[in-house]
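Q: I have a model open and I would like to learn how to read it. Can we go feature by feature?
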Amino acid sequence: MSKFWNELVQKLDPYVPGEQPKDKKYVKLNTNENPYPPSPKVVKAIKQAVNEQLRLYPDPNADELRKTAAEHFQLDPEQIFVGNGSDEVLAFSFMSFFSAENPVAFADITYSFYKVYANLCSLSPKIIPLNEDFSLPVKAFCEPNGGVVIPNPNAPTGRGVSLSEVKEILEANKDHVVIIDEAYIDFGGESVIPFINDYPNLLVIRTLSKYSSLAGIRVGYALGQKELIDGLNRVKNSFNSYTIDRLALAGAKAAIDDDAYYQEMAKKIVTTREQTIERLQNIGFTVVPSQSNFIFASHTEVDAEVIFHELRDHGVLVRYFNQPRISNHLRITIGTDEEMDKLIDALKLIL
Ligand code: PMP
């Protein structure tokens, strides 16, 4: 460790993102990206922004994008905050709403970034184990907490929580912020955005990386009552006022405007997911019910780590998890039908 680093930096355990291979030979099912391209209207809007806007600084308040999102979700633009991917919005949220004295609660297992942010902000989170079947222990999230963060559906399990369960958690945590991370909501979950005007403690976080096929341009946003959004703006404007670049703003606005295209793509992904679950079950996998664009599975006889390495040798990239509460599981992103054929063919050779 460097003698120049401060104590906090020495203790950080930074996040390692999923592999992005440089060559194209892999079927890439490891980072939950959308297998389909963005809407043609998005591509057109970005090209137009290149030609007409790149010499100008972007709007630091992302007014047009917030207006488009507000119309889409029937909210006010002041109830929306935009950031460079939902990871950045989550980071700002941890800085704005949680403290070391009152531990924020999240599940084990869940999106691993939450722990990274908690450490970065010197918080000592309360980690609540999931139930045996990977469902959320709702009652434990209703005990006194200094805030709550729940992805719906959860990652990496793909299991969702119901609206009534979220309501119970919101009621029980009225003095603290409840973040519902809806990164994968459009693949079968139920959004809590309609609760926003009733719950001043609710912050919903969304991304354009999954449903909108725009992981490469980094746009995410938060939706909540104005008081929460003002908190996020105070943090952002303290060091990072021009957050979103012009190409990202143009692409994101066009994506929200072309929801019909994305609904079609999501439908295809859900159909492929259900077919893939059945095919995996037929070759000896146990699969957790999924409401997202990925599945969480374990094989009755063969180790997940072995399958992971052998799949990689066959040109298919997935993720494997082998830690105390989730030994022996694979997380597999849903790709196109052709990509899933390649996965199943490779698995048949391995097993
Ligand atoms: N939340 C969850 C649950 C995720 O899985 C991810 C992506 N890995 C994110 C947020 C962040 O997505 P992005 O920064 O691309 O918006």
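Q: At what angle do α4 and helix α5 pack, and how far apart are their axes?
A: This is a predicted model, so every value here is computed from it. α4 and helix α5 (residues 113-120) pack at an angle of about 40°. Their axes are 10 Å apart.

Q: Which word describes how α4 and α5 lie to each other?
A: Under 35 degrees would count as roughly parallel, and 65 to 115 as roughly perpendicular. The angle here is about 40°. α4 and α5 are therefore oblique to each other.

Q: Is the crossing of α4 and α5 left-handed or right-handed?
A: α4 passes α5 in a right-handed crossing.

Q: Which residues make the contact?
A: On α4, look for D87, L90, A91 and F94. On α5, look for F113, Y117 and A118. By class, this contact has six nonpolar residues, no polar ones and one charged.

Q: How do helix α2 and helix α9 pack?
A: Find helix α2 (residues 40-53) and helix α9 (residues 246-257). Their angle is about 150°, and their axes are 8 Å apart. That makes α2 roughly antiparallel to α9, because the angle is over 145 degrees. Their crossing is right-handed.

Q: Which residues of α2 and α9 touch?
A: From α2 come K41, V42, A45, I46, Q48, A49, V50 and Q53. From α9 come R246, L247, A250, G251, K253, A254, A255 and D257. This contact divides into nine nonpolar, three polar and four charged residues.

Q: Are α3 and α9 roughly parallel or roughly antiparallel?
A: Check the angle again. Helix α3 (residues 63-73) and α9 pack at about 15°, with axes 9 Å apart. α3 and α9 are therefore roughly parallel to each other. Their crossing is left-handed.

Q: Which residues make the contact of α3 with α9?
A: α3 brings E64, L65, T68, A69 and H72. α9 brings L249, A252, K253, I256 and D257. By class, five of the residues in this contact are nonpolar, two are polar and three are charged.

Q: How do I read a sheet?
A: Strands of a sheet pair through backbone hydrogen bonds, either parallel or antiparallel. This structure has an open sheet of four strands, in the order β9-β10-β13-β12, with antiparallel pairing.

Q: Which are the edge strands?
A: They are β9 (285-287) and β12 (319-321), and each pairs on one side only. From one strand to the next, the twist averages 35°.

Q: How many bridges join β9 to strand β10?
A: Three bridges join β9 to β10 (residues 294-299), and the two run antiparallel. T286 stands opposite S298 in β10.

Q: Which helices pack on the sheet?
A: Helix α10 (residues 259-282) packs on the sheet and touches β9 and β10. Its direction makes about 145° with that of β9. Helix α11 (residues 304-313) also packs on the sheet, touching β10, β12 and β13 (329-333). The direction of α11 makes about 40° with that of β13.

Methods. Residues are numbered from 1 along each chain as its sequence is written. This is a predicted model: local features need pLDDT of at least 70, side-chain atom pairs count only at pLDDT 80 or more; totals for chains, interfaces and linings use all residues. Axes are lines fitted to C-alpha atoms, for helices over the stretch in contact, and angles run from 0 to 180 degrees between N-to-C directions. A crossing is left-handed if the near helix is turned anticlockwise from the far one by less than a right angle, and right-handed if clockwise. Two residues are in contact if their C-beta atoms, placed from the backbone, lie within 7 Å. Ala, Val, Leu, Ile, Met, Phe, Trp, Tyr, Cys and Pro count as nonpolar, Asp, Glu, Lys and Arg as charged, and the others, Gly among them, as polar. Two strands pair if DSSP finds at least two bridges between them.
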